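Hi,

Here is the structure I promised to pass on.

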Amino acid sequence: MSVNEMSHRGKAFLSIIQKAEADLRSLLNIPESYAVLFLQGGATSQFAAVPLNLCTTNANVVDYIVTGSWSDKAAKEAAKYCSPKVVWSGKGDKYTRIPSFDEVQQSPNAKYLHICANETIHGVEFKDEYPKPVNSDAVLVADMSSNFCSKPIDVSKFGIIYAGAQKNVGPSGVTIVIVRKDLVKNAQPITPVMLDYKTHVENKSLYNTPPCYNIYMCGLVFEDLLAQGGLGEVEKTNIKKAGILYEAIDKSGGFYKCPVEKSVRSLMNVPFTIAKPDLEGVFIEEAKKEKMVELKGHRSVGGMRASIYNAMPLAGVEKLVAFMKDFQQKHG
Ligand code: PMP
């Protein structure tokens, strides 16, 4: 019987979802005081779920640090359910940096402080340091969709972590939420049952039919990440992969450029441009001939973007780097 044929309430599937949760807990060292949820609706649904669960009225103030398009979208969605304040925006610098935390004037009464840990489109990533909410009753909330399970993190610094699984841990269709249990109490009365964390905590992610096969796939990935030696080892590989790519860009004598400030360059998404923009289309076409695809930058920023998630082997990045050097010799 395949996972697709199993009842989600049967013993066989229960053992799959429980094992997936246990393995994720060991990978990220998730404290018992946090619930782990396997949900649907993508990270986009969490843009609404977070304010619906953490705010009691529209008047509640919450803070957003906007470091790229995804945190911008999150703040805009939150405005339907509370009063978000953008306490810092990188828009003026075309989303190429992360503020130093004392640059950020937080609201003293904010219910939470929201960040996007890795901006997928702009390639800007929070490194080991995270801002602390100034209000001691507030919590830090992070969208980790595009760097989830790419490196170890200290879960206890966050009230809520959410991530669409489709970058590093599985197929699209599963959204993982790690929420501190004491935050799961009274969602706003208008909260749809599917966005209320209480529904899913009380029913262990089985309130309705979950994306069973996708959760099974996530479980297999967690097993694989553990077999690789855990997230510390995974991070070492990711640092190496991103390192050779950024080095190729920085040592190209200005032929290639990455606009992102060096200290916050993403290990997952590497955006770059070519000094002669006419060559960008040629680059994409020639790369395709070498079977390297999906290198076009997001339509909102242009240029190129190499997304080098966990599943991209070092050899894949080495091939891209060799291609970039050849391309520069030919066209430089
Ligand atoms: N946040 C980030 C950082 C993302 O990269 C994405 C998707 N690319 C989203 C949110 C939206 O996720 P979903 O498509 O799962 O709703």
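Below is what turned up, going from the whole chain down to single residues.

Before anything else, keep in mind that this is a predicted model.

**The overall layout**

The protein chain splits into domain 1, residues 3-227, and domain 2, residues 231-331. Taken over C-alpha atoms, the centres of the two domains are 28 Å apart. Where they meet, 23 residues of domain 1 are in contact with 22 residues of domain 2. On the domain 1 side of that meeting place, you'll find seven nonpolar, ten polar and six charged residues.

There is also a database label to know about. An unreviewed UniProt entry carries the annotation "domain: Aminotransferase class V" for residues 4-320. Over residues 4-320, the chain is 32% helix and 18% strand.

**Around the ligand**

Which residues surround the ligand? They are Gly42, Ala43, Thr44, Trp70, Cys116, Thr120, Asp143, Ser145, Ser146 and Gly164. Sorted by class, this shell has three nonpolar, six polar and one charged residues. Helix H2, which covers residues 42-54, gives the most to the shell, with three residues.

**Strand E4**

Cys116 from the ligand shell also belongs to strand E4, residues 112-116. This strand is mostly covered, with five of its five residues buried. Tyr112, His114 and Cys116 point one way from E4, while Leu113 and Ile115 point the other way.

E4 has parallel partners to look for. Strand E2 (residues 61-66) is joined to E4 by two bridges, and Tyr64 stands opposite His114 there. Strand E7 (residues 139-143) is joined to E4 by five bridges, with Ile115 opposite Ala142.

**A three-stranded sheet**

Next, find the open sheet of three strands in the order E10-E11-E12, where the pairing is antiparallel. Why is one side of E10 and one side of E12 left without a neighbour in the sheet? E10 (256-257) and E12 (304-307) stand at the edges and each has a single partner strand, so there is no neighbour on one side of each.

E11 (residues 269-274) is joined to E12 by four bridges. If you want to trace that pairing, Pro271 stands opposite Arg305, and Val270 has Ala306 as its bridge partner. Two bridges join E10 to E11, and Tyr256 stands opposite Ile274. E11 is mostly covered too, with five of its six residues buried.

Is Val169 buried or exposed? A residue counts as buried when 20 or more other C-beta atoms lie within 10 Å of its own. Val169 has 28 other C-beta atoms within 10 Å, so Val169 is buried.

What is Val169 in contact with, leaving aside its neighbours within four places in sequence? The answer is Phe148, Cys149, Cys218 and Val221. If you'd like a distance to check in the viewer, the C-alpha atoms of Val169 and Val293 are separated by 21 Å, and these residues are 124 residues apart along the chain.

Definitions and conventions
Residues are numbered from 1 along each chain as its sequence is written. This is a predicted model: local features need pLDDT of at least 70, side-chain atom pairs count only at pLDDT 80 or more; totals for chains, interfaces and linings use all residues. A residue is near a molecule or strand if its C-beta atom, placed from the backbone, lies within 6 Å of it. Ala, Val, Leu, Ile, Met, Phe, Trp, Tyr, Cys and Pro count as nonpolar, Asp, Glu, Lys and Arg as charged, and the others, Gly among them, as polar. Two strands pair if DSSP finds at least two bridges between them. UniProt positions are given in the numbering used here, feature names are shortened, and annotations may be inferred rather than shown by experiment. Domain bounds come from an automatic or database domain assignment. Two residues are in contact if their C-beta atoms, placed from the backbone, lie within 7 Å. A residue is buried if 20 or more other C-beta atoms lie within 10 Å of its own, exposed if 12 or fewer, and partly exposed in between; C-beta atoms are placed from the backbone.
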